[in-house]
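These notebook entries record what I looked up in the structure shown below.

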Amino acid sequence: MTQKELAEASGVPLTTVNGWATGKAAPRDLEQLAKVGHTLAGWAGELPLAPRAWSRLMAIDRARPQETAGDDSALEQLVEGVNQPIMVFLANFEVYLEHVGDIRAQLDLIPQGMWPIIDTIAYHKADEFLELSGLGDVQPLPEAGRPLDIREALAFLLKVAWERGYFMTHFHRLACIPRPRHRVNHMEIMDEICGGPLVAGIEVTLQRAASLSTEPRPTMKSLRIIDEKLARIVQPHLDQWCDTMRTVFGYGILAAKAEVKVNSDDSLPPED
């Protein structure tokens with residue numbers, strides 16, 4: 001495969017393909033990028049990315065800080081190369097969630113038996129963070145309506161982290177998120193999670209996706225979406241909060257894996 005062949009097959013000018021290949025230019029035209037990606041995927045025998053996935057990757061690239069010279073630059077390029085497949089996976093995951101629908105439609109994909117687990121973990125980890133960070137005595141934040149309860153706000157974000165870990169695991173396994181087909185006994189799920197072997201079986205893609213999803217930048221963004229004042233209060237303890245989010249994200253991954261293991265017995269009754 002040559003640059004000329006790629007340009008002819010995709011309909012993108014050779015000068016543009018050459019600029020991308022040599023690093024002299026970065027993709028800025030979504031349509032051209034999607035055409036080249038579609039052509040390369042076809043040659044590789046793989047499914048092409050949706051245009052919205054390419055759009056997200058372009059947005060990530062534009063937001064990336066400029067590289068510095070020397071060893072730091074080489075390290076950044078190495079890390080970027082390792083993370084690129086994960087970013088593609090995350091972009092496809094986000095596009096799939098958009099197709100599922102709004103938050104209510106997404107929550108319908110979680111079996112009812114999982115909710116005691118979600119609530120228990122979210123509130124326990126929120127309380128643990130508040131105690132260890134010394135924020136437990138902070139008064140509710142004043143709002144135009146009722147005051148914002150910090151504990152409730154943090155528990156909500158942790159529930160979202162759990163749900164994303166849960167959804168992402170099924171999406172990684174099936175390229176979709178199946179509707180619940182079985183009843184889920186939360187005690188059985190917790191027994192599987194606490195048993196230990198599931199942790200060792202978490203795929204590298206899911207480990208890296210969880211790590212990237214709970215880095216300081218996206219974590220601060222989620223705090224600001226809830227309330228700017230909440231973000232300012234948590235910011236001095238951001239590393240600790242990121243670790244808490246990452247832990248709960250991991251519980252979501254483990255719950256999905258436990259569900260698959262428990263439901264491997266087809267004699268289980270279906271979910272109502």
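**Entry 1. Chain overview**

I took contact to mean heavy atoms within 4.5 Å. On that basis I looked at contacts in the protein chain between residues at least 6 apart in sequence, and 78% of them join residues at least 24 apart.

I noted that this is a predicted model, in which local features need pLDDT of at least 70 and side-chain atom pairs count only at pLDDT 80 or more, while totals for chains, interfaces and linings use all residues. Residues are numbered from 1 along each chain as its sequence is written, and side-chain values use heavy atoms, with hydrogens and water left out.

I looked up the secondary structure next, with helices (H or I, at least four residues) and strands (E, at least two) taken as DSSP runs and numbered from the N terminus. The protein chain has 14 helices and zero strands.

For burial I used relative accessible area: buried is under 20%, exposed is over 50%, and partly exposed is in between (1.4 Å probe, protein chains only). Of the 272 residues in the protein chain, 39% count as buried. I then noted the accessible area, computed by the Shrake-Rupley method with a 1.4 Å probe, where for residues only the protein chains shown count as cover. The protein chain exposes about 15,400 Å², and carbon and sulfur atoms supply 55% of this area.

**Entry 2. Cysteines**

How many disulfides does the structure hold? I counted a disulfide as a pair of cysteine sulfur atoms within 2.5 Å, and the structure holds zero. I also checked C176, which is partly exposed at 27% relative accessible area, and C242, which is buried at 3%.

**Entry 3. Nonpolar cores**

I defined a nonpolar core as a set of buried Ala, Val, Leu, Ile, Met, Phe, Trp, Tyr and Cys residues joined through side-chain atoms within 4.5 Å. In soluble globular proteins, nonpolar side chains tend to be buried together.

The largest nonpolar core has 58 residues, of which M114, L154, W162, I189, L223 and W241 touch the most other members. Elements giving two or more residues to this core include α5 (71-100), α7 (115-133), α8 (150-174) and α14 (238-262). A second, separate core has nine residues, among them A7, W20, L33 and W54.

**Entry 4. Helix α12 and L223**

Which residues of α12 are buried? I found T219, M220, S222 and L223. Seen down the axis of α12, these buried residues fall within an arc of 155° and so line one face of the helix; the arc is that of the directions from the helix axis to the C-beta atoms. They pack against α8, α11, α13 and α14. On the other side of α12, I recorded R217, K221 and I225 as exposed.

I then listed the partners of L223, setting aside residues up to four places away in sequence. L223 touches L154, L157, L230, A231, V234, L238 and W241.

**Entry 5. Helix α2**

In helix α2 (residues 14-22), I found T16, V17, G19 and W20 to be buried. Viewed down the axis of α2, they fall within an arc of 160°, so they line one face of the helix. The face of α2 turned away from this buried side carries the exposed residues T15 and A21.

**Entry 6. S10**

I located S10 in helix α1 (residues 3-10). S10 is buried, with a relative accessible area of 9%. A polar atom of its side chain lies 3.5 Å from the backbone oxygen of A7. Not counting residues up to four places away in sequence, S10 touches K35, V36 and T39.

**Entry 7. A175 in its loop**

Where is A175 placed? I found A175 in the loop between α8 and α9. A175 is exposed at 54% relative accessible area. Most residues other than glycine have a negative phi. A175, although not a glycine, has a positive phi of about 65°.

I150 belongs to helix α8 and is buried at 7% relative accessibility. I150 and L130 are 20 residues apart in sequence, with their C-alpha atoms 9.1 Å apart in space.

H237 lies in the loop between α13 and α14 and is partly exposed at 22% relative accessibility. I recorded 9.2 Å between the C-alpha atoms of H237 and F129, which are 108 residues apart along the chain. Leaving aside neighbours within four places in sequence, H237 is in contact with F129, S133 and L135.

Conventions
A polar contact is a pair of N or O atoms within 3.5 Å; within protein, one must be able to donate a hydrogen and the other to accept it, and residues adjacent in sequence count only if both atoms are side-chain atoms.
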